[in-house]
Number of protein chains: 2
Amino acid sequence: MTRTVVASATREIIIGFDQPFCVIGERINPTGRKKLAAEMIAGNFDTVEADALAQVAAGATMLDVNAGVTAVNPNETEPPLLVKTLEIVQGLVDVPLSIDSSVTAAIEAGLKVAKGRPLVNSVTGEEEKLEAILPLCKKYDVPVVAISNDETGISEDPDVRFAVAKKIVERAADYGIPAHDIVVDPLVMPIGAMGTAGRQVFALLRRLREELKVNTTCGLSNISFGLPHRHGINAAFIPMVVASGMTSAIMNPCRPQEMEAVRAANVLAGHDPNCGEWIMKYRDYTPAAAGAPATASAAPAGGRRRGGREGRRGAAV
Amino acid sequence: MTRTVVASATREIIIGFDQPFCVIGERINPTGRKKLAAEMIAGNFDTVEADALAQVAAGATMLDVNAGVTAVNPNETEPPLLVKTLEIVQGLVDVPLSIDSSVTAAIEAGLKVAKGRPLVNSVTGEEEKLEAILPLCKKYDVPVVAISNDETGISEDPDVRFAVAKKIVERAADYGIPAHDIVVDPLVMPIGAMGTAGRQVFALLRRLREELKVNTTCGLSNISFGLPHRHGINAAFIPMVVASGMTSAIMNPCRPQEMEAVRAANVLAGHDPNCGEWIMKYRDYTPAAAGAPATASAAPAGGRRRGGREGRRGAAV
């Protein structure tokens, strides 16, 4: 049973086949958030703090921390900014962190200050990346997200993406890093651009779990890029990837529809013992309070089918 | 590629591995609906008519029709009542029907009047049932729902349920009924009573599809029986069973959350070409209009993660 251990200063979390889905909060990331980038450059971490608190309150298992403000000379500017951001976040909330940067020096600087056992985000199958990141993961004994692209880009062929993931796992083994410390991101394409994107990733997730025996993750909202009502697509994608074996995702935990899907998928995958988390969260739930539209019928939900079949047959369920 | 053909007077629908999920509307069923039962006994079909129209308007692919008012002597009373109900429904809406009864004489009476190619609901692995229902299916050349229980009841062991399904498929073959005219219901247990119910059915669905090559269905809302906020569980269960290969369900199409999950699962399974149905339905969707609760953040949804990864790497997706 594959288990990736991550930890904050005091709390250990396991990403694993037998665990609740690990929600890695994506919000602390200035990429595409100009206002946040400007704030962080100016040394203002109010939004970072608010995002850290809001994501943990919303149910994030871990937080991704990215300081890629894309200023000039990121090799110089990003390491101290990432360190500052990590220190602020881990001073505020007690969840494991994911150190997210494309700058190797920033990852190493982050590893020096991060408490517990953070996750490195990320390595790819690119030779330069493998040689830069894997020794750091070994040195600091931390798990790493492995994105299944290489120098040739992202292949549309899932077999090629699987092969890249396999290569990374094998290279990691050469460095003494076990497969359970590799969390593979099979890369999710937008379904609006590629109709097979869903089936492709479901099949890939199964292979990664059964053949490579690794945990998996993805940038979840990619799937709905370009479509209307993205939350509806994202919220259905979550149970489908859980059913296909995915164990974590980098996503926005402040979206109630997506988080409801995560909690329900945990129940259905058998990872919420006695439905305890679900009942705690939704026992007083009323559609009216959540503003759900009225349905066409006032009859009580479900149960009739059950009554219809079992009532007649007297089954003992 | 397994395809089960059903039809109304003028419209043919295919239940199949490569088709959109087939939603079989469950509402026209007096079991557990005392008021409806009383109306139907009294010859008042107002609710039946309203339910037929509402379910088709909500997106039902087919309608299940049950007239089990559980009056005294169902062998006498149910056949004419089912015939009357079927005639009313097929006079009102042009979708294929599922003839739902535990009374063999009612099923045969229904088969005599139903237009097109209806689905028979159901046969089980019970010897008496097999001998009563399968010859009717052969005689009228119609597909049938096969529920995987037998004289011993519903087994908690999925291997036994698979064996019962296999037996029904084999017995049907003896009568000259092909596997593609058997739609197996693997039986869904309430997850609140059995924590493994989800994983069990997902594994069963895969086996039924890969080994028996049959279409599948279930009474969907059973899964959430006894839990709070059942729609949330149902709506996550749908994408999970679709990812596991299920091709239809008997469910309430008048529930927006469940139907949204069906539409999104169709997109993600690659069964909504160019996301056409999704875009048509949700292009003007606004969370405010649907009354969704406000989220913790005002930032635009998703896309950032994509930007974060792909922006840097210049991927061509």
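Strands, helices and cysteines

Analyst: Strand 4 (residues 62-66) of chain A runs parallel to strand 5 (residues 97-100) of chain A, and 4 bridges join them. Strands here are DSSP E runs of at least two residues, helices are H or I runs of at least four, and both are numbered from the N terminus. This is a predicted model, where local features need pLDDT of at least 70, side-chain atom pairs count only at pLDDT 80 or more, and totals for chains, interfaces and linings use all residues. Side-chain values use heavy atoms, leaving out hydrogens and water.

User: Is helix 9 of chain A roughly parallel or roughly perpendicular to helix 8 of chain B?

Analyst: The axes of helix 9 (residues 256-268) of chain A and helix 8 (residues 230-243) of chain B come within 9 Å and cross at roughly 70 degrees. Axes are lines fitted to C-alpha atoms, for helices over the stretch in contact, with angles from 0 to 180 degrees between N-to-C directions. Under 35 degrees counts as roughly parallel, over 145 as roughly antiparallel, 65 to 115 as roughly perpendicular, and the rest as oblique. So helix 9 of chain A and helix 8 of chain B are roughly perpendicular.

User: How many disulfides does the structure hold over all chains?

Analyst: A disulfide takes a pair of cysteine sulfur atoms within 2.5 Å. For Cys218(B), the closest cysteine sulfur is in Cys22(B), 12 Å away and too far for a bond. Cys254(B) is in no disulfide either, with the nearest cysteine sulfur, again that of Cys22(B), 15 Å away. Over all chains, the number of disulfides is 0.

User: What is the relative accessible area of Cys254(B)?

Analyst: Buried means under 20% relative accessible area, exposed over 50%, and partly exposed in between (1.4 Å probe, protein chains only). Cys218(B) is buried at 0%. Cys254(B) is buried too, with a value of 7%.

Notes. Residues numbered from 1 in each chain as written. Chains lettered and ligands numbered in written order. Pairing = 2+ DSSP bridges.
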